[in-house]
Amino acid sequence: MTEAGSLLVTAGRRLYVRLGVTLIALAAAGGMLAAHRAMLDSGTDRLAAADGEWLVVACAAAAATWVGAAVAQQGAVVEQLPRGRLVAAQFAASAANHLLPAGAGATVVNLRFLTRCGLSTRRSVTALAVKAAAGGIVRCALGVALLVASPGTVRLSASAPHLLVLLPVAAGAVVLVITISGRLRRLVARAVADVRDVHRCRARARALWGGSVAFALLHAGVVVAVVHSIGIGLPANRVVMAYLVASGAAALLPTPGGLGSLDAALVFALTAAGAPGSAAVSAVLGYRLLTGWLPLAPGLLVLALLARRSAV
């Protein structure tokens, strides 16, 4: 078999594995929803009676996330990208991300956008890796900073003491994967080298890190606003920490747009922070509605228009 054929076979196997994991995760999420149907119904009713003013704030924060993503992406490249199309591409990428597993939709859209802007495929892939690495580092740094500034941020409710067991197990699994996978270590080392290269230009560094911080905090802000809209009495710092933990955990499961993985992790994190189960479900439904389902159709329309104009 030729080298090209071998690569195609390997890529095909990886695709099947990712699709299999996606289907398993979605099936597990469906089973969980069926088992907690009463809680889901209660959460939907509570969301329907939410405070409109807080929902407007949540909508504004959701819309601003695409600007944050655009700024971070600009920071990962030297060339000046067309601003309007850059923001539109992030909007379209968020929609495509709900159709393919593990962020593949957003990756494909942004990769095509960068190559259409004149970057080589290698440099485009590097820019996406830098942006992804910065996003992961920012989430960890924000979590640590929040714990240092407010030591009482993490406070488990009596209904979720098993989180103390799950966290070290999850951390151990991540460490084990990184330890045994030489290829993953090389990818991480390469991403770190690319991030260092960004800091040779202060403007790029400010855009990359500023956009990444804004993106994470704006998503957390959507959750905070939705939580307030339905009257959950949780401090904002605990809600932000719940989002950071949940989004980091959801990144380990390759489901489209985090569907199922992020939902379950965020419900669990909010419940562990002290929210009632039905209220946590309401908050996650509201967050999903504003950041995923409502923008989905317009985002796909924008994607079609960009494709028609050969922008992606």
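Start with helices α6 and α10, which run roughly antiparallel to each other. You're looking at a predicted model, by the way. To bring the pair up, select residues 121–149 for α6 and residues 236–250 for α10. The two pack at an angle of about 150°, and their axes lie 10 Å apart; an angle over 145 degrees counts as roughly antiparallel, so that's the label they get.

On the α6 side, pick Arg139, Leu142, Gly143, Leu146 and Leu147. Their partners in α10 are Asn237, Val240, Met241, Leu244, Ser247 and Gly248. Colour that α6–α10 contact by class and you'll get 6 nonpolar, 4 polar and 1 charged residues.

Next stop: helix α9, residues 202–229, and helix α12, residues 277–308. Here the packing angle is about 130°, with the axes 9 Å apart. That makes α9 oblique to α12. The crossing of α9 and α12 is right-handed.

Zoom in on the contact between them. From α9, select His219, Val222, Val223, Val226 and Val227. They meet Ser282, Ala283, Gly286, Tyr287, Leu290 and Thr291 in α12. By class, this α9–α12 contact splits into 7 nonpolar and 4 polar residues, with no charged ones.

Last, go for the cysteines. Select Cys59, which is partly exposed at a relative accessible area of 38%. Then jump to Cys117, also partly exposed, with 26%. How many disulfides does the count come to? The count is 0.

How values were computed
Residues numbered from 1 in each chain as written. Predicted model: local features only at pLDDT ≥ 70, side-chain atom pairs only at ≥ 80, totals over all residues. Heavy atoms only, no water. Axes fitted to C-alpha atoms, helices over the stretch in contact; angles between N-to-C directions. Helix = DSSP H or I, 4+ residues; strand = E, 2+ residues; numbered from the N terminus. Parallel < 35°, antiparallel > 145°, perpendicular 65-115°, else oblique. Contact = heavy atoms within 4.5 Å. Nonpolar A, V, L, I, M, F, W, Y, C, P; charged D, E, K, R; others polar. Disulfide = S-S within 2.5 Å. Buried < 20%, exposed > 50% of the residue type's maximum accessible area, 1.4 Å probe, protein only. Left-handed = near helix turned anticlockwise from the far one by under 90°.
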